[in-house]
Structure formats: structure tokens, C-alpha cells
Amino acid sequence: MAPPRSFMAREAWPLALFAALAAVPFLSAADPFILSLVSRGMILGLAALALDLVLGYGALVSFGHAAFIGIGAYAVAIAASHGVEEFFIAVPIAVGAGVAFAVVTGAISLKTRGVYFIMITLAFAQMAYFTTQSLTAYGGDDGLSMAHRSLVFGTRVLEIDAVFYGLVLAILGAVYLVCRRLVASRFGRALRATRENERRAAALGFDVFQIRLVAYAISGAIAALAGVLFANLTEFVAPAYLSWQRSGELIVMVVLGGMGTLHGAVLGAIAVVLTEEGLSHLTQHWKAIFGPLIILLALFAKGGLVRLLGGRR
């Protein structure tokens, strides 16, 4: 009977998290503001999950993951401005752009280690940031508005907040399950081996560079998908989506939730979004409260919220 108990202990928190997210539309009576707020949390959770794949399992501290979000967002908005408004056409375009950027920049960045990797990923993200600012045909620094959310088989069903919420939740759940299978696969074990001891992994015959590049490309694809959803949520894209501050927020979300857990990244993102919203209603200086809270959690809740709440890593 030990295996079933172990299984339940391992799966309890992910199941509880996704069950709570599925219940939000019913508990909130489909309030548009609440649906929008939690949708934002889930989209950022998707991006944080992408970062956790390389940070938590590959020990790659990327400080430029917001670039992938921006690339995905701009891809769908620019496509829409040229009349390509179908969601299932925009997604492959955006994900393809994210993968291409990840492969090109990753091939260079992964030649470095430690703080140099952090700085070079930041540099590439800033290059993408300033590139979007220079796109005067697409709003430049003012950003680009979308007339409406992407079409689904020619219909505007995503304009219904509950439907869009369901789509975001479905994509988040599907990506989470795929990532769970990925990290449990031979590839995932090899990626974790490179995290634990790069030289030993190489001595065992693993191509460390190739493994990390593939993981980085997959992470970029997931973050670009989050960008597609973000653009549809706000119906607007701007260079701020690619800012280094956004990349820093993603790292905070992953660390806060619990690195190397996947569901911890989602939990951390939602916790950050809800805390920011709650504190902003108390005072305009909410960041002065939020900062110390993050510091206290980092000092006394090692392992993140997952460990603090009693979940297993």
C-alpha cells in the first residue's frame, strides 16, 4: 500500500492547484475582472514553467526569458495586423519564432557559464527589446493594439472571457503534463545530470551542449506560447513585454514557488500576481511591502511555497 500513498503525496498539490484554477469561473460567477486577473497569473505561470525547465532542471539562470514572451506576443499581433487572425495559425508562427530565437541565441549563450551566461542572455533580450522599439510600422515604443482577440475557426469565441479562461487553463495543463513527461524521460534525466555535475555527465558520453540547447529551445517555445496568450488577454503588445524587469519577475516566481517542481512555478506566478493586486489596493507604495515579503520567503522558506505548504518537491 506504500506506492499509492506515495503517489497521492506526490500528486496532491498539482491536483489541488489545477482543481482550484478550474473552479475559479464557478466560484467567481465568471466575474470578468477575476477571470482576467487569474488568466494573467496562469499565463505568467506558463512562462515561469518554461523558465523552470532550464533553471530548475538545468541550472541555467536565464535573465532574458521575457524576450520569448515578447516575440510570441509581437508575432500574433503583427500577423493580425496583416490579416492573419486565426489562433491556430498564429500559434505556430509565434512558437516557431521563439524556437528560432532560442536556437540562435542559445547556441552562443551556452558557450558561456555562470554569470557570463546570465549577462549574455540579458544582452540578447535587450537587443530584442530595442528592436521592438524601432519597429515604427508596428507602433514602436507606443506598442501595437489588436482589434480583437484571435479568431478560432473564423469565430470570435475567445471574446467570451470564460472561454478564453478555459483555453488558457487547458494549454497550461497540457504543457504542464508534457513537461512532467519530459523531465521524467531519459532526456530529462540527462538534463538533470548536467545540472548536478557537467564534467561527469560529459564523461558518461552525454552531449551537454546539445542537451542544454534542446531544453533552451523547448523553454523558448513555451514562453512564446505564453506571449501569444498574453497578447490575446490584453489585446495589446509593447516593448515593455521584453524588458529585463519582466525576466527578473519570472525568476522571482520560479524561486518563490519552488525551483525544479514545475507546479511550483505556476503557484509562484499566481501568488505574485494576486499579492501584487491585493497590496496595490492597500497603498500605492505596495512595492515597499512586497519586496521585504520576497526577502523573508527567500530566507525562511527554502524550497519555495511548495515546501512551505508541505508539498513534496
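The model is predicted, so local features need pLDDT of at least 70 and side-chain atom pairs count only at pLDDT 80 or more, while totals for chains, interfaces and linings use all residues. Residues are numbered from 1 along each chain as its sequence is written, and side-chain values use heavy atoms, with hydrogens and water left out.

**Aromatic pairs**

- Nine aromatic pairs turn up, where rings of Phe, Tyr and Trp (its six-membered ring) pair if their centres lie within 6.5 Å.
- Helices here are DSSP runs (H or I, at least four residues), numbered from the N terminus.
- Phenylalanine 18 is buried, with a relative accessible area of 16%, and tyrosine 176 is buried too, at 3%; buried means under 20% relative accessible area with a 1.4 Å probe, protein chains only.
- Phe68, Phe101, Phe117 and Tyr216 form one aromatic cluster.

**Charges over rings**

- The charged end of lysine 111 sits over the ring of phenylalanine 209, 4.5 Å from its centre. For this, NZ of Lys or CZ of Arg must be within 6 Å of the ring centre and within 35 degrees of the ring normal.
- Arginine 149 lies over the face of phenylalanine 164, 4.4 Å from the ring centre.

**The cavity**

- There is one cavity of 30 Å³ or more: on a 1 Å grid over the protein atoms alone, a cavity is a set of points where a 1.4 Å probe fits but cannot get out, and lining residues have an atom within 4 Å of a point.
- The largest cavity holds about 40 Å³ of space, a volume being the space filled by probe spheres set on the points.
- Its lining includes Phe68, Phe101 and Tyr216, and α5 gives the largest share, three residues.

**The second largest pocket**

- This pocket has a volume of about 230 Å³; a pocket is an open set of points with protein on both sides within 12 Å along at least five of seven lines.
- Among its lining residues are Phe63, Trp244, Trp286 and Phe290.
- Helix α10 supplies the largest share of the lining, five residues.

Key: Helices (H or I, at least four residues) and strands (E, at least two) are DSSP runs, numbered from the N terminus. Rings of Phe, Tyr and Trp (its six-membered ring) pair if their centres lie within 6.5 Å; planes under 30 degrees apart count as stacked, over 60 as edge-to-face and the rest as tilted. Buried means under 20% relative accessible area, exposed over 50%, partly exposed in between (1.4 Å probe, protein chains only).
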